Amino acid sequence: IPQLIIPLKTALNTRDPDIICTVLRVLQKLVVSGDLIGEALVPYYRQLLPVLNMYKVRNHNLGDGIEYSQRKHNNLGDLIHETLQLLEKHGGEDAFI
């Protein structure tokens with residue numbers, strides 16, 4: 001896990017929405033792939049989560065319109081929300097600190 005943190009952090013710091021979406025999908029798959037992986041990521045939250053704070057409200061308000069990025073699972077705000085929920089669920093007791 002520690003070897004993955006620097007490349008993930010570097011990818012998040014590009015601040016490119018497409019790259020951030022890809023990193024979030026990778027994080028989601030990583031967290032659900034093993035029992036203790038979510039807990040092993042907890043010490044690295046301070047390195048990974050600050051970039052997500054800037055983009056968490058990046059949902060498009062279209063009113064009655066259709067957002068087609070939902071179909072491709074590319075809505076950044078929704079991906080961040082789902083990822084944070086998974087980290088919370090699989091992070092154990094220390095995930096909230």
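Helices here are DSSP runs of H or I, at least four residues long, numbered from the N terminus. With that naming, glycine 91 falls in the segment after α6. Keep glycine 91 in mind; the tour ends there. The model is a predicted one.

**Whole chain**

Start with a cartoon view. The chain has six helices and zero strands. Followed along the sequence, the pattern reads α-α-α-α-α-α. Now colour by accessibility. Of the 97 residues in the chain, 32% are buried. Next, think about contacts along the sequence. Among contacts with a separation of 6 or more, 67% are between residues 24 or more positions apart.

**The core**

Select Leu12, Ile20, Leu24, Leu41 and Leu76. These residues have the most contacts inside the largest nonpolar core, which has 24 residues. Colour the helices that give two or more residues to this core: α1 (2-12), α2 (17-33), α3 (37-41), α4 (45-55) and α6 (76-90). Which element gives the largest share? Look at α2, with seven residues.

**α1 against α2**

Show α1 and α2 by themselves. Their axes come within 9 Å and cross at roughly 150°. Angles over 145 degrees count as roughly antiparallel, so α1 is roughly antiparallel to α2. From α1, select Leu4, Leu8, Ala11 and Leu12; from α2, select Ile19, Ile20, Val23, Val26, Leu27 and Leu30. The residues of this contact divide into ten nonpolar, no polar and no charged.

**Isoleucine 5**

Stay on α1 and pick isoleucine 5, which sits in that helix. Is isoleucine 5 buried or exposed? Its relative accessibility is 2%, so isoleucine 5 counts as buried. Now show what surrounds this side chain. Not counting residues up to four places away in sequence, isoleucine 5 touches Leu41, Tyr44, Gln47 and Leu48. Draw a C-alpha to C-alpha distance from isoleucine 5 to tyrosine 45. The two are 40 residues apart in sequence and 9.7 Å apart in space.

**α4 against α6**

Move to α4 and α6. These helices pack at an angle of about 150°, and their axes are 10 Å apart. Their crossing is left-handed. On the α4 side, select Tyr45, Leu49, Leu52 and Tyr55; on the α6 side, select Leu76, Gly77, Ile80, Leu84 and Leu87. The residues of this contact divide into eight nonpolar, one polar and no charged.

**Threonine 83**

Remain on α6 and select threonine 83, which belongs to this helix. Threonine 83 counts as buried because its relative accessibility is 1%, and the cut-off for buried is under 20%. What does threonine 83 contact, leaving aside neighbours within four places in sequence? The residues are Leu24, Leu27 and Gln28. Leu24 is also one of the residues with the most contacts inside the largest nonpolar core.

**Glycine 91**

Finish past the end of α6. Select glycine 91, in the segment after that helix. Its relative accessibility is 3%, so glycine 91 counts as buried. Show its contacts next. Leaving aside neighbours within four places in sequence, glycine 91 is in contact with Gly38, Glu39, Val42 and Tyr45. Tyr45 also takes part in the contact of α4 with α6. Last, draw the C-alpha distance from glycine 91 to valine 42. The separation is 6.2 Å, although the two are 49 residues apart along the chain.

Terms used:
Residues are numbered from 1 along each chain as its sequence is written. This is a predicted model: local features need pLDDT of at least 70, side-chain atom pairs count only at pLDDT 80 or more; totals for chains, interfaces and linings use all residues. Side-chain values use heavy atoms; hydrogens and water are left out. A nonpolar core is a set of buried Ala, Val, Leu, Ile, Met, Phe, Trp, Tyr and Cys residues joined through side-chain atoms within 4.5 Å. Buried means under 20% relative accessible area, exposed over 50%, partly exposed in between (1.4 Å probe, protein chains only). Axes are lines fitted to C-alpha atoms, for helices over the stretch in contact, and angles run from 0 to 180 degrees between N-to-C directions. A crossing is left-handed if the near helix is turned anticlockwise from the far one by less than a right angle, and right-handed if clockwise. Contact means heavy atoms within 4.5 Å. Ala, Val, Leu, Ile, Met, Phe, Trp, Tyr, Cys and Pro count as nonpolar, Asp, Glu, Lys and Arg as charged, and the others, Gly among them, as polar. Angles under 35 degrees count as roughly parallel, over 145 as roughly antiparallel, 65 to 115 as roughly perpendicular and the rest as oblique.
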